[in-house]
Amino acid sequence: MCKICMDKQQLWQRYQDWLYYHEGLGFYVDISRMRFNDDLVKQLTPKFEKAFADMEALESGAIANPDEGRMVGHYWLRAPELAPNEELRKEITEPLANIAQFVKKVHQGTIKPPTADKFTDILSVGIGGSALGPQFVAEALPSENPPMTIHFIDNTDPAGIDSTLKNIGDRLKSTLVLITTKSGGTPETRNGMLEVKHAYESKGLKFEPHAVAVTMPGSKMDKIATDWLARFPMQDWVGGRTSELSAVGLLPAALQGINIDGMLIGAKEMDEATRVKDLKSNPAALLALAWYYSGNGKGEKDMVVLPYKDSLLLFSRYLQQLVMESLGKEKDLDGNTVYQGIAVYGNKGSTDQHAYVQQLREGVPNFFATFIEVLEDGRDTHFEIEPGVTSGDFLSGFLQGTRQALFENNRDSITITIPQVNPRTVGALIALYERTVSFYASLVNINAYHQPGVEAGKTMSASILDLQTKVQTVIQETSEALDIETLAAKAGSPDEVEFVYKIVRHLAANGRGVALEGNLTDLKTLKVSAS
């Protein structure tokens with residue numbers, strides 16, 4: 001269907017034909033500006049029937065992560081009654097009750113730090129799904145007078161860690177530290193924990209009375225945290241990128257005074273809507289159709305996420321992990337090499353109109369846009385900057401104008417509209433995209449619930465750190481200066497010369513017992529010695 005060939009009346013009819021509205025949530029999904037035709041819908045009908053069946057099996061407890069022999073049940077987190085057995089239901093309801101009780105005592109000061117009257121701050125240490133969801137929610141749902149202020153360490157960057165700790169300053173003594181890691185073996189989170197523990201000890205404070213672990217029972221972290229202030233469980237059947245509505249996200253949100261029950265209610269309502277086995281009545285199925293069409297079922301176009309509300313700034317970062325880690329797969333379920341995936345990026349409107357919308361409209365047409373519209377401006381009074389026109393009117397106009405400008409130049413877009421940013425709508429947004437990922441994965445025949453590429457990166461990183469230890473030993477035990485190739489050979493890795501060079505360059509730059517001698521641009525004559 002050619003966009004240029006459609007007049008405004010045809011577009012209005014297409015909008016009505018494909019608009020989804022959830023009355024309870026006040027939630028709209030509009031895929032009318034995606035140029036798919038009826039033939040594609042007919043072609044995909046059997047695939048959607050399979051996707052609906054796959055989802056039903058998933059929620060019934062089918063093993064969806066064969067690599068680890070795990071069920072995938074993040075949907076049960078907001079509907080424990082749907083979990084396959086009573087034991088799993090308790091894994092949901094008991095932590096929720098414990099979170100409520102713990103948070104109440106922290107806010108009341110019943111649970112308090114050893115050298116302060118109350119906990120005033122939260123320091124969340126995690127990475128990936130253990131950080132992105134909590135960061136998104138903290139930005140989206142800030143309280144006017146939060147009972148606690150949250151900070152994040154989500155990387156193993158020393159400068160970033162120092163900056164966060166400096167921002168907390170003397171309030172470290174009244175800071176509650178959340179260490180979130182499923183296995184306890186994630187290096188970045190382990191490093192962050194050790195850095196924070198060192199910061200406490202440097203100030204003469206004990207770390208343990210300030211520390212809370214969110215981890216899987218029996219994990220490395222669970223065993224480390226036996227004498228900490230508290231421990232909350234992560235479920236085996238919840239992956240990191242779908243864990244925001246588990247203790248991972250609910251604990252920090254509740255500590256900030258965010259209504260976590262509202263988030264769970266919104267997610268549950270959206271889950272119910274996305275169980276409907278009819279394409280036009282299922283918002284997640286509609287999004288999956290749009291994704292499939294835009295990328296020809298092969299992820300050939302990127303997803304640009306443009307939320308027109310400052311508080312949703314981090315939504316695109318949250319979606320990056322959810323979508324790209326779930327869908328970025330080399331093999332399909334039949335073992336065929338397919339290189340699936342959808343790249344996600346974005347910032348916010350109308351900021352992006354002064355950043356990269358120029359390219360979106362006139363550059364390489366390798367994307368589809370997703371506009372997130374919020375109907376309510378978020379003010380009690382309406383200041384008019386021009387007669388009859390507010391800043392919110394401008395924001396809405398910029399969204400509609402950008403959508404139309406892209407459409408007129410044959411650029412596809414989706415628009416999702418919510419009434420306001422509140423716990424219920426944020427929970428619904430999370431649930432909508434979780435389900436869309438599942439449907440799309442079924443359409444293209446991949447497993448959305450394993451991540452071998454991530455594990456490969458972790459393994460390679462560990463081998464490089466092991467090589468560093470060997471290199472340091474050789475340098476300290478050798479009295480003469482060595483060229484890079486000789487050093488690599490003595491470290492037992494003659495084929496890893498480049499890695500060895502980068503290791504010694506980093507050590508030398510930080511004054512870590514290594515000196516580089518000679519011309520730094522002539523790597524053949526460069527010498528390495530102990531400093």
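Lys458 is partly exposed, with a relative accessible area of 37%. Here buried means under 20% relative accessible area, exposed means over 50%, and partly exposed lies in between (1.4 Å probe, protein chains only). Lys458 sits in helix 15, residues 452-477. Helices (H or I, at least four residues) and strands (E, at least two) are DSSP runs, numbered from the N terminus.

This is a predicted model, in which local features need pLDDT of at least 70 and side-chain atom pairs count only at pLDDT 80 or more, while totals for chains, interfaces and linings use all residues. Residues are numbered from 1 along each chain as its sequence is written, and side-chain values use heavy atoms, without hydrogens or water.

**Annotated positions**

- An unreviewed UniProt entry lists Glu325, His354 and Lys458 under "active site". UniProt positions follow the numbering used here, feature names are shortened, and annotations may be inferred rather than shown by experiment.
- These residues span 134 residues in sequence, and the farthest two C-alpha atoms are 37.6 Å apart, so they do not all gather at one spot.
- His354 lies in the loop between strand 13 (344-346) and helix 12 (357-362). His354 is exposed, with a relative accessible area of 72%.

**Salt bridges**

- The structure holds 21 salt bridges. Each is a side-chain nitrogen of Lys or Arg within 4 Å of a carboxyl oxygen of Asp or Glu.
- Lys268 bridges to Glu81, with the closest N and O atoms 3.0 Å apart. This pair links distant parts of the chain, 187 residues apart: Lys268 is in helix 9 (residues 260-273), and Glu81 is in the loop between strand 4 (70-71) and helix 3 (86-108). Lys268 is partly exposed at 28% relative accessibility. Glu81 is also partly exposed, at 48%.
- Asp121 and Arg171 meet in a salt bridge at 3.0 Å, N to O. They too link distant parts of the chain, 50 residues apart: Asp121 belongs to strand 5 (residues 121-125), Arg171 to the loop between helix 5 (158-168) and strand 7 (175-180). Asp121 is buried, with a relative accessible area of 1%, whereas Arg171 is partly exposed at 35%.
- Lys502 and Glu498 form a salt bridge at 3.1 Å, N to O. They are four residues apart in helix 17 (residues 497-509), so about one helical turn separates them. Lys502 is partly exposed at 41%; Glu498 is exposed at 54%.
- Salt bridges with shared partners join Glu59, Arg78, Asp271, Arg275, Glu434 and Arg435 into one network.

**Helix 6**

- Helix 6 covers residues 187-202, 16 residues in total. The helix reaches 22 Å from its first C-alpha to its last, close to the expected 22 Å at 1.5 Å a residue. That expected span is 1.5 Å times one less than the number of residues.
- The buried residues of helix 6 are Thr189, Gly192, Met193, Val196, Ala199 and Tyr200. They cover an arc of only 125° around the axis, which puts them on the same side of helix 6. The arc is taken from the directions from the helix axis to the C-beta atoms.

**Surface patch and a buried threonine**

- Phe383, Ile385, Phe394 and Phe398 make a nonpolar surface patch of about 370 Å². Patch residues have over 30% relative accessible area and no salt bridge; like charges are joined within 9 Å, nonpolar side chains (Val, Leu, Ile, Met, Phe, Trp, Tyr) within 5 Å. Areas come from the Shrake-Rupley method with a 1.4 Å probe; for residues, only the protein chains shown count as cover.
- Ile385 lies in strand 15, residues 384-386, and is partly exposed at 40%.
- Thr370 lies in strand 14, residues 367-374, and is buried at 1%. Thr370 and Val304 are 66 residues apart in sequence and 6.0 Å apart in space, C-alpha to C-alpha.

**Backbone geometry**

- Most residues other than glycine have a negative phi, and most peptide bonds are trans.
- The peptide bond from Gly349 to Ser350 is cis, with omega near 5°. Ser350 is in the loop between strand 13 and helix 12.
- Asn296 has a positive phi, near 60°. Asn296 is in the loop between helix 10 (283-294) and strand 10 (302-307), and is partly exposed at 44%.
- Asn445 has a positive phi, near 65°. Asn445 is in the loop between helix 14 (423-443) and helix 15.
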